[in-house]
Structure formats: structure tokens, C-alpha cells
Amino acid sequence: MRSPEGAWRWILAKEWRALVASRAWWVLLLAMGPLVGMSFIAAVRTYAELSGMNGTAVGVGEAFSPLIGVWAPTFSACEIAAAFMLPFVAIRIVAGDRRSGALKLELQHSMPSMARMTAKAVVLLAGWTIALLPPVVAIMMWRSYGGSIYPPELLAVATGHMLNGALTIALAAAAAAVSEHPSTAAILTLTVTVGTWVISFIAAVQGGIWERLASYTPTSMVAEFQHGLVRLDVMLVAATLTVLGLTLAAIWTRLGIAVDRRIYESTAAGALAAAVMFASAFATASWDASENRANSFSRADEAALRQIHEPLRIEAHLAAEDPRRVDLERRALSKLRRVMPRLQVQYIAATTTGLFEQTASQYGEIWYELGGRRAMSRATTAESVLETIFALAGAVPPAEIDRDVFRGHPLAVPPRGAAAVFYGVWPALVVAGGLLTRPASNGLLTRSGSER
Amino acid sequence: MYSAPLSPAERVATVFYLPDSIAPWPEQTVRWVLDFTAGYFGRAQTGSYAATPSDVIGRLDLEPLLDSRIGTLSKGQRKRALLAVGLLTPQPILLADEPFEGLDLRQTREIAQTLRHYAAAGRTMVLSIHQISDAARMCDRFVLLSGGRTRGEGTLDDLARLAASRAEVSAGTDLEEIFLALT
């Protein structure tokens with residue numbers, strides 16, 4: 001019998017042909033052009049208008065970053081595709097073998113089930129990478145307009161969408177393997193997706209542990225990558241969940257194994273993944289890939305903060321839905337955590353909205369405690385937070401260095417030719433590709449049936 | 001014959017099971033499916049029963065179907081294509097479920113001839129057949145199953161003797177009569 005390595009290449013080739021024969025994948029490719037195009041055209045037009053095009057105030061968008069102004073909205077189309085189209089492609093590839101009976105034949109090779117599932121995942125990821133070509137076209141068009149490109153932040157955005165794609169594929173594969181029918185798998189997958197949205201909603205209302213949990217949902221993960229923030233813990237959790245999904249899919253596609261044993265193995269895999277994810281949550285390393293340091297204080301401020309070795313504790317009397325808390329978290333604390341991993345933050349509130357808590361004696365106060373010294377402030381801006389911390393530490397706030405200030409890349413150019421490319425050329429190419437790659441006689445056998 | 005149950009690894013190495021009523025890889029052509037089978041499973045390491053794609057294509061008259069997709073084949077055509085898949089696998093035992101289901105008389109005879117060819121070359125064929133008359137025509141040894149139990153096992157003569165020992169009236173050497181006598 002063929003060695004597992006040799007057989008794996010055949011399985012890989014088979015999965016690739018199954019993907020190319022899949023209408024769901026071609027529909028995904030077809031839809032990606034207009035989806036990305038619509039987002040890109042709207043983003044570039046807004047960016048241009050704010051940069052002074054068509055009589056708007058010149059200079060409004062001077063500090064504009066293409067990451068926030070163009071790439072985050074353009075790539076957000078990929079998030080929609082990953083949530084609503086990619087699962088169907090993955091389910092078809094995993095469930096198709098089971099429904100057609102091909103799995104019964106393929107399982108009669110000694111190849112480990114995980115190797116078989118890995119081949120599917122590799123092919124599906126390749127398919128997803130091809131589906132991400134329209135954003136690449138958008139980048140090329142932006143460049144042709146004279147737009148600025150900062151590769152690290154683009155790489156961060158692309159990494160986020162690749163991880164999101166891998167997570168979606170693993171989830172859909174597990175759902176397809178566990179359920180008997182593809183439609184049940186689709187419902188399961190969408191239920192999990194909606195479930196993550198519910199977690200994000202609860203986190204916005206309740207805060208606390210829910211906020212921490214919500215930071216690992218695909219939506220939150222993609223949002224961070226789209227802002228150029230690459231967190232090690234998020235990547236580890238996403239990788240663990242992906243491996244777990246594929247492992248569950250591998251376990252449940254072993255048709256001849258008793259259900260009890262499969263449940264036992266699934267439980268063990270789930271417990272192991274939970275332990276790894278729990279440990280991953282303690283990884284504090286992160287990288288700000290954005291050109292405008294959207295997730296960081298200035299280099300001088302960070303250097304000064306690193307000189308503070310005493311543990312800092314912050315107690316904020318702000319409700320979960322209070323906009324000031326959102327400001328404090330986004331503009332200051334999220335940046336502070338990256339520099340001071342030992343930072344302890346506690347939010348205290350009796351209500352979720354804070355609307356009827358405003359008259360409470362301490363509501364709105366933010367208390368800072370450093371080395372036994374305490375200070376209170378009500379301001380939520382990054383500058384005021386830093387000022388309070390430096391005052392408590394007895395440090396002199398560093399002077400702003402001019403070369404560190406992000407000056408932005410305004411571009412007052414309309415999205416010329418984008419509509420034709422994304423609404424016309426791309427769909428035409430996809431349709432042509434779909435027609436040209438229909439299964440044909442291109443195997444290793446000649447027409448006479450003899451081997452080459 | 002094996003007297004002890006096979007371990008999963010031994011089973012994979014020894015027996016290839018060809019189920020009935022499946023339409024695997026429906027979007028792929030017969031040509032590619034045969035190519036895939038030969039590539040994925042590899043060739044038998046020992047034994048002269050090893051079939052080549054060109055050999056099974058010729059014996060099962062698959063030449064006109066090579067560029068057709070599996071999903072577009074009729075039941076009989078698909079049965080022949082899948083039998084070719086089974087014959088290309090390297091395991092020394094081929095267990096085929098209802099190999100003649102959906103075939104006309106001529107096709108049944110041709111396939112029986114093909115199976116006999118590979119059996120003569122050293123491959124063990126285990127056929128699961130509901131039509132007892134078909135089984136009687138094709139097979140050398142029989143295992144009669146009914147109600148989930150083995151009712152008899154052996155050559156036609158062995159079964160006839162067994163039936164005669166149990167029934168008051170001799171069932172002769174007609175397998176259908178023997179089956180009725182034993183069940």
C-alpha cells in the first residue's frame with residue numbers, strides 16, 4: 001500500500017479538484033470582487049473628500065492613515081465573506097466525501113484521519129487566499145493612485161483575515177463532521193458565529209470577564225488586526241481553536257470508530273485546548289504594526305513608562321456602557337497594558353449604563369495607585385492618564401519628539417477605474433475561470449487507458 | 001482463512017470493502033478516479049493479482065466512460081467504474097457489496113468473468129449477494145446468512161450435505177433450495 005506521505009499528495013490533489021469543482025467556492029470568488037470593490041470605492045472616495053477633493057476643506061484629513069481610512073473598511077468585506085460564505089465552501093468539502101461515500105473508500109488507507117483533514121484545511125486555506133485577491137488588487141490600485149503603503153500594517157490586516165479564515169474553516173469542518181447533513185452543519189456554524197456576536201454584546205453591557213472573552217471572538221480579533229495590533233495571546237487562542245476544530249473534524253470523520261470513543265476523544269481534545277487557551281491568555285507580548293502607532297503611546301512616553309517598576313493599579317468608577325469608559329479603554333488603557341503588563345484595572349459601577357449613577361459620590365472618578373501613592377482624575381484622554389501616572393511616579397513627562405509625530409498621508413484622488421475592475425473585470429475573470437476549470441480528462445492516464 | 005478477528009490495522013492492510021449505493025467523487029471523471037485510486041492506495045506489494053488501470057479499463061469496458069464524470073453515470077456504469085476502483089486496490093481480499101445490482105444479464109456475465117480472472121490470479125473475492133441464483137453461478141464457496149446469523153458455510157456440496165442432514169427432504173444442489181432448507 002502507498003505510504004501515507006505519498007498518499008497525502010494524492011489526497012491534496014483530490015481536495016484541490018473538489019474545491020475547484022465546488023460552486024460554493026466560485027460563488028465566494030464571484031462575490032468577493034463587488035464586496036471588496038464597494039468598500040474600497042466608498043473608502044477611497046471618503047478619504048479623497050476629507051483630503052480636500054471637490055471643494056471640501058483641504059487639510060481635514062491631514063493626519064489620515066490609509067490603515068484606518070482605506071484598508072480597515074476594504075478588508076471588512078472579507079469578514080462578511082468569512083462569516084457567511086466561507087463556511088459553506090468548507091462544509092461542502094468536508095461533508096461531500098461523507099455524503100457521496102468517498103470517505104468510506106478513502107478511510108481504507110492507513111493514513112491518519114488528521115492528515116486527511118489537514119489536506120482539506122490546506123486546500124481550503126489556499127482557496128481562501130485566492131478569495132483574498134480582490135483586496136490585493138485594491139492595494140495595487142491604491143498604489144497606482146499615488147497612495148502610501150506601509151507593508152507591516154497591511155501584513156497585520158492580512159494575517160488577521162487569514163487567521164479568521166482558518167478559524168471559520170476549522171469550525172465549519174467540525175460542524176460538518178459532527179452533523180449528518182450539510183444544512184445542519186451550516187446552522188451549527190452560523191449559530192456559533194451568532195453566539196460570538198452575543199458574547200460581544202454581553203461584553204459591551206456587562207464588561208468584566210465577558211470583555212476578556214469577547215477579545216478572543218473572530219470579530220474582535222479581526223478588528224484589532226485591522227487597527228494594526230498583533231497580540232500573541234489572540235494568535236495563540238485562534239491557532240488553538242483552529243487545531244481543535246480540525247481535530248474534532250478528524251475524530252468525527254472516522255466512521256468505523258464507536259461513538260463513545262469519539263465522544264471521549266473529543267472531550268479530551270476540548271480539555272487540552274481549554275488548558276492551552278487558558279495558558280495563552282497570560283502571553284502579554286503584542287506588536288503595533290500601524291504606521292501611526294494607533295495602539296501605542298509615543299516612543300518617548302513608552303520609554304518613560306518602562307522606567308516605572310512599581311505595580312500600577314487603576315480603579316475606574318465607570319459603567320460598562322459609559323462612553324467615557326470606552327474612551328479610557330481605547331485611548332489609554334489598551335496602550336498602557338502593552339507597556340505595563342502588570343497593570344491592574346478594576347471597573348466599579350452599580351449599573352450597566354451609568355445614566356442614573358451620575359450623582360453617586362464616586363461615579364466618574366478614576367483612581368491611580370502606584371507604590372502606595374494615590375491620585376484621582378476624571379479625565380479619560382491618553383494625555384491626562386499619562387500625566388497622572390508620571391506625577392505619581394515623580395517622573396518628568398518626556399518632551400514630544402517631532403519626528404515621532406505621524407503626519408498622515410492625505411490623497412485627494414477619486415477611485416478611478418475601480419468600479420470597472422471590481423464590478424466588471426473580476427466577475428468576468430471568475431466566470432471564465434469557472435468554465436475553464438470544469439473537470440476534464442487531465443489525469444495521468446492517456447485516452448487509450450494506458451499509464452504514462 | 002483467518003481464525004481470529006483482525007485488528008483495525010490488519011483489516012486495512014488485508015481487506016478492501018466496496019460498498020453498494022455510493023457515488024464517490026461525483027465531479028471527477030472516471031479517468032481521474034482510477035488514476036487517483038492507483039496513486040492513493042498504491043500497488044499490491046506481493047501477489048500476481050495486482051491490477052493496472054489499463055487492464056481494468058479493458059476488462060470492464062470503461063474506455064467510452066473515461067471522460068464522463070462519476071455523478072453523470074447510470075447505475076450500471078457507476079457499478080462498473082466502482083468495481084474498477086475495487087480491483088485497483090492492493091489489499092489481497094476484495095469485499096464487494098452487491099456487485100451485480102443494477103446490471104443487465106450481459107454486464108453481469110462480463111463482470112463475473114472479470115472477477116473470476118482476478119480470483120484466478122490470486123485475489124480473494126468476497127461478494128455479498130442477495131440474489132442467490134447469481135451467487136450460485138459466480139462463487140466457489142458460500143456463507144449463508146439469515147437473521148444476522150450464519151446458517152451454513154462451505155462449497156455447494158458441503159451445504160447440500162448440511163441441508164440434507166437437517167431437512168427431512170433433500171434440497172439437492174440448488175442453492176436457493178438449500179438456503180430455504182437451512183433458514
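**Where the labels come from**

Author: Let's start where the chains meet: the contact takes 25 residues from chain A and 34 residues from chain B. Two residues are in contact if their C-beta atoms, placed from the backbone, lie within 7 Å. Keep in mind that this is a predicted model, in which local features need pLDDT of at least 70, side-chain atom pairs count only at pLDDT 80 or more, and totals for chains, interfaces and linings use all residues. Residues are numbered from 1 along each chain as its sequence is written, and chains are lettered from A and ligands numbered from 1 in the order in which they are written.

Reader: Which helices of chain A supply at least two residues each to the side that touches chain B?
Author: Helix H1 (4–20) and helix H5 (102–106) do. H1(A) gives the largest share, 6 residues. Helices here are DSSP runs of H or I with at least four residues, strands are runs of E with at least two, and both are numbered from the N terminus. By class, this side of chain A has 11 nonpolar, 9 polar and 5 charged residues. Ala, Val, Leu, Ile, Met, Phe, Trp, Tyr, Cys and Pro count as nonpolar, Asp, Glu, Lys and Arg as charged, and the others, Gly among them, as polar.

Reader: Why are H4(A) and H9(A) called oblique to each other?
Author: The axes of H4 (residues 86–100) and H9 (residues 182–206) of chain A come within 10 Å and cross at roughly 140°. Axes are lines fitted to C-alpha atoms, for helices over the stretch in contact, and angles run from 0 to 180 degrees between N-to-C directions. Under 35 degrees counts as roughly parallel, over 145 as roughly antiparallel, 65 to 115 as roughly perpendicular and the rest as oblique. So H4(A) and H9(A) are oblique. On the H4(A) side, the residues in contact include A:Phe88 and A:Ile91, and on the H9(A) side A:Ala185 and A:Thr189 are among them.

Reader: What makes H4(A) roughly antiparallel to H6(A)?
Author: Their axes come within 11 Å and cross at roughly 150°, so the pair gets the label roughly antiparallel. Among the residues that meet there are A:Val89 and A:Ile93 in H4(A), and A:Leu124 and A:Trp128 in H6(A). By class, this contact has 7 nonpolar, 1 polar and 1 charged residues.

Reader: How do you know whether B:Ser21 is buried or exposed?
Author: Count the other C-beta atoms, placed from the backbone, within 10 Å of its own: 20 or more is buried, 12 or fewer exposed, and in between partly exposed. B:Ser21 has 12, so it is exposed. B:Ser21 sits in the loop between strand S1 (15–18) and helix H2 (30–41) of chain B.

Reader: And what makes B:Glu98 partly exposed?
Author: B:Glu98 has 18 C-beta neighbours inside 10 Å, so it counts as partly exposed. Its loop runs between strand S2 (93–97) and helix H5 (105–120) of chain B.

Reader: How many of the residues of chain A count as buried?
Author: Of its 452 residues, 41% do.
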